[in-house]
Amino acid sequence: MKEIYAKFVSQKISKTRWRPVPPGSLQTAETFATGSWDNEENYVSLWSIGDFGNLDSDGGFEGDHQLLCDIRHDGDVMDLQFLDQERIVAASSTGCVTIFLHHQNNQTLSVSHQWTTAHCHTGPGGPSCSGAPCTGVVCNNPEIVTVGEDGRINLFRADHKEAVRTIDNADSSTLHAVTFLRTPEILTVNSIGQLKIWDFRQPGNEPSQILSLTGDRVPLHCVDRHPNQQHVVATGGQDGMLSIWDVRLGTMPVSLLKAHEAEMWEVHFHPSNPDHLFTCSEDGSLWHWDSSTDVPEKSSLFHQGGRNSTFLSHSISNQANVHQSLISSWLSTDPAKDRIEITSLLPSRTLSVNSLDVLGSCLVCGTDAEAIYVTRQLFS
């Protein structure tokens with residue numbers, strides 16, 4: 001079992017993200033942000049991970065994750081993304097989108113910019129506007145894309161007061177998450193099981209492509225794009241299934257993998273080692289999926305047995321004619337040969353694991369049990 005350290009923080013954690021390390025830097029992950037929800041007062045907080053593993057004089061571990069600073073946040077934190085080293089974008093259940101600035105000289109957070117009515121429900125026949133939760137944010141500095149319960153997509157720039165582009169009524173259902181495919185293109189997932197691709201170069205309010213699970217209207221809650229192969233996308237939703245899609249091929253997922261027993265809240269490819277993927281769920285589990293070919297014959301697939309490991313692949317499209325070296329391991333067609341090893345990372349089931357993030361050999365996750373878990377030894 002990889003060593004994973006828990007810290008109880010007296011607030012339910014809805015989102016957690018590592019601060020990115022500068023490009024080309026040899027730094028390791030050191031600082032992460034969290035957002036809370038469903039508390040009397042919610043906060044965006046910054047934490048530092050200490051030197052785990054050194055026993056202090058009392059026999060406890062030194063270097064528990066330390067709170068660097070925090071700032072009150074109006075409403076639940078629905079999503080959280082670093083725009084750069086100093087700025088964090090937070091999405092609120094009030095419909096507001098806020099950029100917080102981290103002042104490293106005195107370890108404080110301040111509001112740098114705010115779009116207060118980024119998402120709202122308009123009243124019948126009138127201009128009245130009540131806040132609609134902003135459910136998802138994705139950043140590609142200086143651009144920020146937000147989606148919400150109002151079915152709206154906004155494209156903001158960090159240095160602009162108004163939205164650069166807004167697609168009103170982009171969706172008649174709730175948009176739950178968004179990711180960039182490439183700079184002008186984004187992909188959204190919604191509450192009726194659809195993936196939609198939008199190209200900001202195109203005029204009008206129509207998606208350039210729609211993909212969905214046939215017949216099923218299972219809400220999709222999360223999406224992540226493969227870091228090296230922009231056509232490969234992973235989604236998770238209400239049924240806990242992990243779906244892998246190749247957006248170049250038709251409108252159906254390439255494979256469906258039986259996963260969690262309840263809603264999957266987040267899915268993340270490892271940013272520099274994308275044969276590894278991580279998911280977390282309402283059922284209190286946090287899983288590491290390993291599709292790399294160097295797992296010895298994948299014979300240890302069921303090594304943990306019971307509820308901690310499971311596997312089912314349903315390959316939908318046949319790509320035998322595509323040169324194998326060009327295919328991501330996630331698009332492989334032979335489940336018998338290309339089994340995926342799944343490891344449960346938490347020692348025991350907890351309340352909902354709402355969010356996770358991975359950077360280098362470090363992983364952080366946040367839970368409804370008011371605990372943050374960190375490991376620095378993902379691949380040990």
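**Structural briefing**

Trp 18 is buried, as its relative accessible area of 4% falls under the 20% limit. The model under discussion is predicted. Its protein chain contains 31 strands and zero helices, and the structure holds five aromatic pairs.

**Aromatic pair of Trp 18 and Phe 32**

- The structure holds five aromatic pairs, and one of them joins Trp 18 to Phe 32, with ring centres 5.4 Å apart and planes at 80°.
- Because an angle over 60 degrees counts as edge-to-face, the planes at 80° place the pair of Trp 18 and Phe 32 in that class.
- The pair links distant parts of the chain, since Trp 18 belongs to strand β2 (residues 13-18) and Phe 32 to strand β3 (residues 31-36), 14 residues apart.
- Phe 32 is buried, with a relative accessible area of 0%.
- Ring pairs also bring in Trp 47, so that Trp 18, Phe 32 and Trp 47 are linked into a cluster.

**Aromatic pair of Trp 115 and Phe 156**

- A further pair is formed by Trp 115 and Phe 156, whose ring centres lie 4.2 Å apart and whose planes stand at 20°, so the pair is stacked.
- Trp 115 lies in strand β9 (residues 108-115) and Phe 156 in strand β14 (residues 153-157), so the pair ties together parts that are 41 residues apart in sequence.
- Trp 115 counts as buried at 6% relative accessibility.
- Phe 156 likewise counts as buried, at 3% relative accessibility.

**Charge over a ring**

- The charged end of Lys 12 sits over the ring of Trp 37, at 5.7 Å from the ring centre.

- Of the 380 residues in the protein chain, 55% are buried.
- Among contacts in the protein chain with a separation of 6 or more, 52% involve residues 24 or more positions apart.
- The protein chain has an accessible surface of about 16400 Å², and carbon and sulfur atoms contribute 47% of that area.

**Cavities**

- Two cavities of 30 Å³ or more are found in a search of the whole structure.
- The second largest cavity holds about 60 Å³ of space.
- Arg 19, Pro 20, Val 21, Gln 27, Thr 28, Ala 29, Glu 30, Thr 31 and Gln 85 line the second largest cavity.

**Backbone geometry in loops**

- Asn 141 and Pro 142 are joined by a cis peptide bond, with omega about 10°.
- Pro 142 is located in the loop between β12 (134-140) and β13 (143-148).
- Gln 107 has phi near 50°, a positive value in a residue other than glycine.
- The position of Gln 107 is in the loop between β8 (97-103) and β9.
- The loop between β15 (165-167) and β16 (175-182) contains Asn 169.
- Asn 169 is exposed, because its relative accessible area of 65% is over 50%.

Note on methods
Residues numbered from 1 in each chain as written. Predicted model: local features only at pLDDT ≥ 70, side-chain atom pairs only at ≥ 80, totals over all residues. Heavy atoms only, no water. Helix = DSSP H or I, 4+ residues; strand = E, 2+ residues; numbered from the N terminus. Buried < 20%, exposed > 50% of the residue type's maximum accessible area, 1.4 Å probe, protein only. Contact = heavy atoms within 4.5 Å. Areas by Shrake-Rupley, 256 points an atom, 1.4 Å probe, with all protein chains shown as cover. Phe/Tyr/Trp six-rings, centres within 6.5 Å; stacked < 30°, edge-to-face > 60°. Lys NZ or Arg CZ within 6 Å of the ring centre and 35° of its normal. 1 Å grid on protein atoms, 1.4 Å probe; cavity = no way out; pocket = protein on both sides within 12 Å on 5 of 7 lines; lining within 4 Å. Points joined across faces, edges and corners; volume = space filled by probe spheres on them.
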